[in-house]
Amino acid sequence: MLSCLVSANCQGVPLIKQLLAFKPFQKSYHPEYFINFKKEIIPLEKLQTCNLLIYQKLGTSWNEISEEYLLAHVNPKAKVVCMPNIYNNTLWPISKGTGNLSNPYDETYIDELMQRGLSLNEILYLVKKADFSKHYDLQSMYEKSMEIERNKGYARCSEICDYIEENFSKRKLFTTFNHPYGSLLNLAAKVVLEEIGYRNVPDSLIPNISCDEDYYMPIHHSVAKFFHLSYIDENTKFPVYGNMLTYSEYIAGYVLSRQNNVPSAHYFTYLAERKK
């Protein structure tokens, strides 16, 4: 078997699943996954002798997992692919990533309401009535996000971005800021396989594949309406750590976790276990 090294974030998990679902790749390569956001370093001996390197572009501050280091030390005879590293936060204007897996997101608007001393029922009432398109420039957020994406420089970046722009309102493409979904992940895997040199790669290797089936960031109905997401309304339920919750139910859990000083991921996991 030929060696394949994958240095990537959470998008590396569905990529490897899809690569292995493609029989010609499965018969030829054995992939090893190194999680870049955990700063897992590829052993130099493996890097210098590998047959295929798939990586995400990172700056020099990332040291041994930066693009500069990887390209300087990879086997010169190896095939090398800079895979997509897709990010879009447009659908969650009040959410801010924390980098903490126990409390992955701060809901800034909700935090402000809590700081004002509002009760849970008052917060839920305001959230239900809110129209985030009147308080946040969603179109500018989208345009800025796409501008950044188009300048990332990964393999066939323009093709990926064209697909996002064409399908953003037509189908589910993201489940969190940096978790592409379904057809977008399919396209990313197809791009990688074709960059390796394969042809006749199917458009859909694993339909409806996700980065994390246990957690989708709930989307507020006003944002869904602004972007014409017909598959989302006030009653849509999203998987949240073992629960299926509407946006309002998610916010209620978020408030209760904050009030009880419990990490949100732990709170929702506990909630799911109680229901069993």
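Which residue in β3 is the bridge partner of Ser7? The bridge partner of Ser7 in β3 is Tyr55.

This is a predicted model, in which local features need pLDDT of at least 70 and side-chain atom pairs count only at pLDDT 80 or more, while totals for chains, interfaces and linings use all residues. Residues are numbered from 1 along each chain as its sequence is written, and side-chain values use heavy atoms, with hydrogens and water left out.

**The sheet**

Four strands form an open sheet in the order β2-β1-β3-β4, with parallel pairing. Strands are DSSP runs of E with at least two residues, and helices are runs of H or I with at least four, numbered from the N terminus. Two strands pair if DSSP finds at least two bridges between them. The edge strands, β2 and β4, each pair on one side only. Between β1 and β3 there are four bridges in the parallel sense.

| Strand | Residues |
|---|---|
| β1 | residues 2–8 |
| β2 | residues 29–35 |
| β3 | residues 52–55 |
| β4 | residues 79–82 |

**The helices**

Helix α1 (residues 12–21) packs on the sheet and touches β1, β2 and β3; contact means heavy atoms within 4.5 Å. The direction of α1 makes about 175° with that of β2. Angles run from 0 to 180 degrees between N-to-C directions, with axes fitted to C-alpha atoms, for helices over the stretch in contact.

Helix α9 lies across β2, β3 and β4, at about 155° to β4. Of its 14 residues, 13 are buried, that is, under 20% relative accessible area (1.4 Å probe, protein chains only). After α9 comes Gly197, with a positive phi near 130°.

Conventions: Buried means under 20% relative accessible area, exposed over 50%, partly exposed in between (1.4 Å probe, protein chains only).
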